[in-house]
Amino acid sequence: MAMSRIDELAPTHERDRRWGLWMAAAQSGDRAAYETLLRECIPFIKTVARKQGVQPDSIDDVVQETLLTVHQARQTYDPSRSFPAWLRTIAQRRAIDGLRSHGRKGAREVHEPDAYENYTDPSGNPELHANRVDESGELGRAVATLPSGQREAVEQLALSERSLDEAAQATGRTTGALKVNLHRALRNLRARMGARN
Amino acid sequence: MANSDANIRLIETLGSDLRPVRRLAAPGWRALLWLAVVAAVAVAMVFYGDAGEMIRRFAMAPDLSLSFVGSALTAIAAAIAAFELGLPDRKPIWALLPLPPAVLWFGASGIGCFRSWLVPHTTLVSVGDAMDCWTFIVGMSLPLSAVLIVMLRRGYALQPVLTAAIGGLACAAAAATLLNFVHPFDASAIDLLFHSLAVGMVAFVIAMIGGRILRKR
């Protein structure tokens, strides 16, 4: 395994020339050459990432970040220079970025496998559940007592989550009228629900 | 295996997005193009400024001409370094290229401070005049850095903040060089302080703003 890693990074004249030609062709828009080149580069990028100390489960992230960078930076490749050297620098940089982001995530997040299982589901509390059902019933009754224009606005925009234009088409009202009605409806509902609580 | 499939799918997506691109010119040529913009401003200032007065000052105080050469060389070296750093396969050591001319620039300006203390009847700069110098360097750096950042964006800097900082140094050094055309004073400590503050501020601001603009992820 160690030998294959060393072989992957070792410069071979034929491979370097071939990759350089493919990249130059890719700069001219040759898709077949480009895709072949990127596929051939994957083991090379993985070897660079491993050498930088990237963990096996993050290697593919580094590969993808490197491929994206190659795509965005393809105009900067100079065919008179070594393509593997160009690619290696990009892969090294993306590996370092990956390690840094992994480190930041590790510092920010705590691995606690039991936390999810021990998390109390609020809906499991019968009292809370009963209160919520009661409140939603109250809200439904409050909406039903609103004037028709305001009720229509709440039903279309808030409950059915339609856009202003869709609601205007469905009700035959202007978007301005719908906005005004929604605003008045919310004010009325707040006042009624607030008074009851 | 799923991840490997993701790699292959990404390659197909990138392939479908492939468009022909125009290869970038060599960084030296691109630096030359930006320096040509600075040179065009310099030519305009020779017409509108007092170049004769500048030459007389340089003849009387060689440290001023050394400082002028130092700032001009810093602008050239920093511009080359910024365009080199704007390519992914260049080493960060390019950032040190402007260091020797910068030492000459600030060293010669420092010597000027000593001379102004030792030689009587030297026209010294007031705080108000030094503020004008600061305003000139910062104000002139802004359009120069806008041009530079637009040019650098065509490349791909793997270290965008460092690249932008060196670009900012190039702009500030170019602006300080151009200042000589309209700067009828000998160097003084306060002058050096305001020049240094202006250069540091420009490099810092361009590093922060330009670094964000050059970051392409």
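Reply: The dialogue below goes through this example feature by feature. Please note at the outset that the model is predicted.

Me: Let us begin with the overall make-up. How many helices and strands does chain B have?

Reply: One starts by listing the elements in order. Chain B has eight helices and zero strands, so its order from the N terminus on, by the definition of these elements, reads α-α-α-α-α-α-α-α. Of the 217 residues in chain B, buried residues make up 50%.

Me: How should I read a nonpolar core, and which residues have the most contacts inside the largest one?

Reply: The general idea is that in soluble globular proteins, nonpolar side chains tend to be buried together. In this structure the largest nonpolar core has 47 residues, and those with the most contacts inside it are W34(B), F83(B), L144(B), L152(B), I166(B) and L178(B). Two or more residues each come from α2 (27–48), α3 (51–60), α4 (62–85), α6 (127–152), α7 (160–179) and α8 (189–214) of chain B. The largest share, twelve residues, is given by α7(B).

Me: What surrounds F83(B), leaving aside its neighbours within four places in sequence?

Reply: With those neighbours set aside, F83(B) is in contact with P27(B), R30(B), A31(B), W34(B), L148(B), M151(B) and L152(B). There is also a second, separate core of 32 residues, which includes Y34(A), F44(A), I45(A) and W86(A).

Me: How is the packing of two helices described, for instance that of α3(B) and α4(B)?

Reply: One gives an angle and a distance between axes, and then names the residues that touch. For α3(B) and α4(B) the angle is about 115°, and the axes are 5 Å apart. From α3(B), the contact is made by R57(B), F58(B) and M60(B); from α4(B), by P62(B), L64(B), S65(B) and F68(B). Sorted by class, this contact has five nonpolar, one polar and one charged residues.

Me: May we look at one loop residue? Where is N180(B) found, and is N180(B) buried or exposed?

Reply: N180(B) lies in the loop between α7 and α8 of chain B. It counts as buried because its relative accessibility is 11%, and the cut-off for buried is under 20%. Beyond its neighbours within four places in sequence, N180(B) is in contact with M54(B), R57(B), F58(B), F68(B) and S71(B). Among these, R57(B), F58(B) and F68(B) also take part in the contact of α3(B) with α4(B). The C-alpha atoms of N180(B) and M45(B) are separated by 9.9 Å, while the two residues are 135 apart along the chain.

Me: How are salt bridges to be read, and how many does a search of the whole structure find?

Reply: Side chains of opposite charge can pair when their charged atoms come close. Over all chains, the search finds ten salt bridges. One of them joins R31(A) and E35(A), at 2.7 Å from N to O. These two residues are four apart in helix α3 (residues 31–51) of chain A, and are therefore separated by about one helical turn. R31(A) is partly exposed, with a relative accessible area of 40%, whereas E35(A) is buried, at 11%.

Me: Finally, how is the interface of chain A and chain B described?

Reply: One states the residues in contact, the area buried and any charged pairs. Here 35 residues of chain A are in contact with 30 residues of chain B. The area buried between the chains is about 3000 Å², of which carbon and sulfur atoms give 60%. The rule finds one salt bridge across this interface. D89(B) forms a salt bridge with R81(A), the closest N and O atoms being 3.4 Å apart. Within chain B, R90(B) and E84(B) form another salt bridge, at 2.7 Å. R90(B) is buried at 13% relative accessibility, and E84(B) is buried at 9%. R81(A), E84(B), D89(B) and R90(B) are linked in a network of salt bridges.

Key. Residues are numbered from 1 along each chain as its sequence is written. Chains are lettered from A and ligands numbered from 1 in the order in which they are written. This is a predicted model: local features need pLDDT of at least 70, side-chain atom pairs count only at pLDDT 80 or more; totals for chains, interfaces and linings use all residues. Side-chain values use heavy atoms; hydrogens and water are left out. A nonpolar core is a set of buried Ala, Val, Leu, Ile, Met, Phe, Trp, Tyr and Cys residues joined through side-chain atoms within 4.5 Å. Buried means under 20% relative accessible area, exposed over 50%, partly exposed in between (1.4 Å probe, protein chains only). Contact means heavy atoms within 4.5 Å. Axes are lines fitted to C-alpha atoms, for helices over the stretch in contact, and angles run from 0 to 180 degrees between N-to-C directions. Ala, Val, Leu, Ile, Met, Phe, Trp, Tyr, Cys and Pro count as nonpolar, Asp, Glu, Lys and Arg as charged, and the others, Gly among them, as polar. Buried area is the accessible area (1.4 Å probe) that two parts lose on being put together, summed over both. A salt bridge is a side-chain nitrogen of Lys or Arg within 4 Å of a carboxyl oxygen of Asp or Glu.
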